[in-house]
Amino acid sequence: MEKKLDLITIGRSSVDLYGEQVGGRLEDMGSFKKYIGGSPTNIAAGASRLGLKSALITRVGNEHMGRFIREELIREGVDVSAVKTDPTRLTALVLLGIRDKETFPLIFYRENCADMGLVEEDIDPDFIACAKCVCATGTHLSNQQTTAAVLKALRLAREAGKRTVLDIDYRPNLWGLAGHNEGESRYMSSEEVTQTLLSTVGLFDLIVGTEEEFHIAGGTTNTIDALRVVRKHTQALLICKRGPMGAAAFPENIPDNLDDGMTGAGFRVEVFNVLGAGDGFMAGLLYGWLKGFELSQALQFANACGAFAVSRHGCTPSYPSLEELQYFIKYGSKQFALRKDKWLEHIHWATNRRTTRSTINLVSLEQQFWEAGSQQDNKAKRREFRKLIVQAVQSLHQQTPKFGLIFAPDEWRDLVNFASGSDLYICRVPTLTNQASEKPNHHSPADLFSFSEWPLEHSVKAHIHLGKNQDNKVNISLLKDQFEFSRKSRLEFVIELIHDKSITDIDSSIKEAIELCYSHGILPDLWIVDPIDSSISKELASVIGHHDTYCRGFLFNYGLRNDAKQFLKGDQKLIGTVIPNELFTSIATEWVKGRQDSYQSIEMIQNKILSVCI
């Protein structure tokens with residue numbers, strides 16, 4: 001089947017290491033967050049979040065960072081079939097920091113990097129022909145080899161009647177005009193760069209740049225004069241980005257004043273981080289332009305995406321989903337700093353989750369298989385059998401990606417590590433300082449800070465004890481702290497509701513607990529509850545949907561005498577089951593006695609799981 005794309009971007013692709021400490025020198029930053037970066041990469045991901053079918057042409061290294069870029073692009077919905085793996089070069093890196101609203105130090109590590117290994121042979125005519133638009137960025141016009149590849153893509157696109165776009169994206173450092181210490185520099189005059197750009201602008205239908213970028217393209221620091229020079233060489237739609245003043249578009253002749261250009265509605269927000277804002281702007285602009293909106297509306301989309309970018313940490317991670325963009329344009333925000341708008345941040349989180357799963361079945365490893373002190377209570381054996389369970393779940397997930405695991409706080413680290421990296425939905429119960437004491441809800445800040453040490457594919461599983469003797473105030477305080485630290489650590493948050501025999505009205509207790517959480521601003525990604533009457537199940541789904549339409553839903557604890565499948569029909573929020581490892585006790589017993597080998601045990605475990613999962 002022929003592939004159909006809205007947009008292909010071509011050029012830079014790197015790993016951005018963003019300093020987490022804000023307000024200091026890059027020299028004094030002690031930890032970094034890792035994101036994908038590079039203008040074409042950011043644009044492709046940002047456009048995909050808005051619903052465009054985007055793809056990227058670039059090269060990455062044959063190492064961990066190259067695989068990271070490829071995997072992150074896939075998560076973002078970007079087509080990576082034209083992302084080549086360079087056999088000899090390393091993936092580019094960029095170190096960035098936020099000093100203040102005017103200062104953003106950065107260092108480019110791009111010496112002979114993978115994306116600069118792009119060659120004409122990397123450009124497939126059939127791939128270019130399947131897209132509506134090809135977008136190039138300025139850096140790959142700085143080198144003879146990469147320029148040849150870009151020009152080939154542009155010629156093929158124009159011959160096929162496709163639209164073409166240039167993001168000038170001028171960095172003197174990347175043209176060899178400034179030293180490594182000048183990564184933040186945005187302008188340095190160069191006749192060679194000006195002539196290179198002017199020789200190519202005629203190949204584009206749309207050209208976007210800041211005032212400084214049009215200065216280099218036009219060879220003068222007078223913006224109007226620079227635009228007029230560019231206009232002499234192209235009939236493209238010219239859009240000049242003006243920072244907090246929005247942008248001005250010039251479809252035809254250049255007027256005497258930038259204010260006389262076409263504009264779109266702008267947004268007044270706090271400037272926290274300008275790095276990557278232009279790429280976010282471009283993603284919003286291309287969405288509106290390629291979807292056929294009026295130019296003023298496309299500019300409004302672009303301005304809104306830029307507003308999100310300057311208000312958050314990182315480049316691609318800050319860009320909005322289409323739903324988030326539409327909500328912001330319709331309702332705005334009462335917060336000058338958008339990242340402090342809790343509901344807007346929740347929409348951002350939920351609509352840009354790392355994975356989209358309509359069904360999740362979790363096998364819990366929280367319980368023991370046999371009584372402590374029994375003849376079979378052998379730690380090594382228990383450990384080995386639990387690994388068989390993990391292998392069984394991994395194999396099932398490879399066939400149908402809808403499985404995961406729950407690990408207890410004291411789980412062996414090597415087992416958790418063994419399960420990681422398999423795309424499983426992994427829940428971990430955090431270790432709390434006094435978990436075994438008379439105050440099980442007590443925790444220290446160190447307990448919560450440890451979340452930052454967890455892999456991003458893991459999620460935090462907390463619980464609420466429902467019973468007459470439970471202190472809900474303490475419980476809610478702990479949950480709120482865990483929820484907020486989970487989000488800060490970019491981990492999903494799961495709440496399990498556990499009831500004791502003192503409760504006579506389980507259904508009401510469950511609903512009250514859920515209402516209590518939402519009233520305190522706790523918005524879990526997933527709920528785990530015991531099976532209840534099907535009519536109550538639908539009512540529970542309604543309660544969750546009323547407070548948080550973005551919640552993944554809830555899972556039923558299967559137990560040993562329950563069948564959660566009977567509740568699935570017509571219930572949109574019930575998305576899976578939690579299967580206790582007690583279900584495998586008889587299998588474990590036979591395995592310990594040597595009556596069946598590991599392969600037979602894994603198969604039996606899988607059959608048990610399949611018999612009760614959704």
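Helices (H or I, at least four residues) and strands (E, at least two) are DSSP runs, numbered from the N terminus. By that assignment, Arg155 belongs to helix α4 (residues 144-159). This is a predicted model, where local features need pLDDT of at least 70, side-chain atom pairs count only at pLDDT 80 or more, and totals for chains, interfaces and linings use all residues. Residues are numbered from 1 along each chain as its sequence is written, and side-chain values use heavy atoms, with hydrogens and water left out.

**Arg155**

- Arg155 is partly exposed, at 42% relative accessible area; buried means under 20%, exposed over 50%, partly exposed in between (1.4 Å probe, protein chains only).
- Arg155 and Leu237 lie 82 residues apart along the chain, and 18 Å separates their C-alpha atoms.

**Helix α5**

- Helix α5 spans residues 191-198, and Val193, Thr194, Leu197 and Leu198 in it are buried.
- These residues are on the same side of α5 because they cover an arc of only 130° around the axis, taken from the directions from the helix axis to the C-beta atoms.
- Glu191 and Glu192 are exposed, on the face turned away from the buried side of α5.
- The cover over the buried residues of α5 includes α6 (211-218) and α7 (223-233); contact means heavy atoms within 4.5 Å.

**Positive phi outside glycine**

- Asn112 has a positive phi, near 50°.
- The loop between β7 (106-109) and α3 (125-129) holds Asn112, which is exposed at 55% relative accessibility.
- Asp169 also has a positive phi, near 45°.
- Asp169 sits in the loop between β9 (163-167) and α5 and is buried, with a relative accessible area of 8%.

**Aromatic pairs**

- The whole structure contains 13 aromatic pairs; rings of Phe, Tyr and Trp (its six-membered ring) pair if their centres lie within 6.5 Å, and planes under 30 degrees apart count as stacked, over 60 as edge-to-face and the rest as tilted.
- Among them, Phe293 and Phe301 are edge-to-face, at 5.0 Å centre to centre and 90° between the planes.
- Phe293 is partly exposed at 37% relative accessible area, whereas Phe301 is buried at 8%.
- Tyr518 and Trp527 form an edge-to-face pair, at 5.8 Å centre to centre and 70° between the planes.
- Both Tyr518 and Trp527 are buried.
- One aromatic cluster is made up of Phe267, Phe308 and Phe328.

**Charges over rings**

- Lys34 places its charged end over the ring of Phe68, 3.7 Å from the ring centre; the criterion is NZ of Lys or CZ of Arg within 6 Å of the ring centre and within 35 degrees of the ring normal.
- Arg339 has its charged end over the ring of Phe272, 3.8 Å from the centre.
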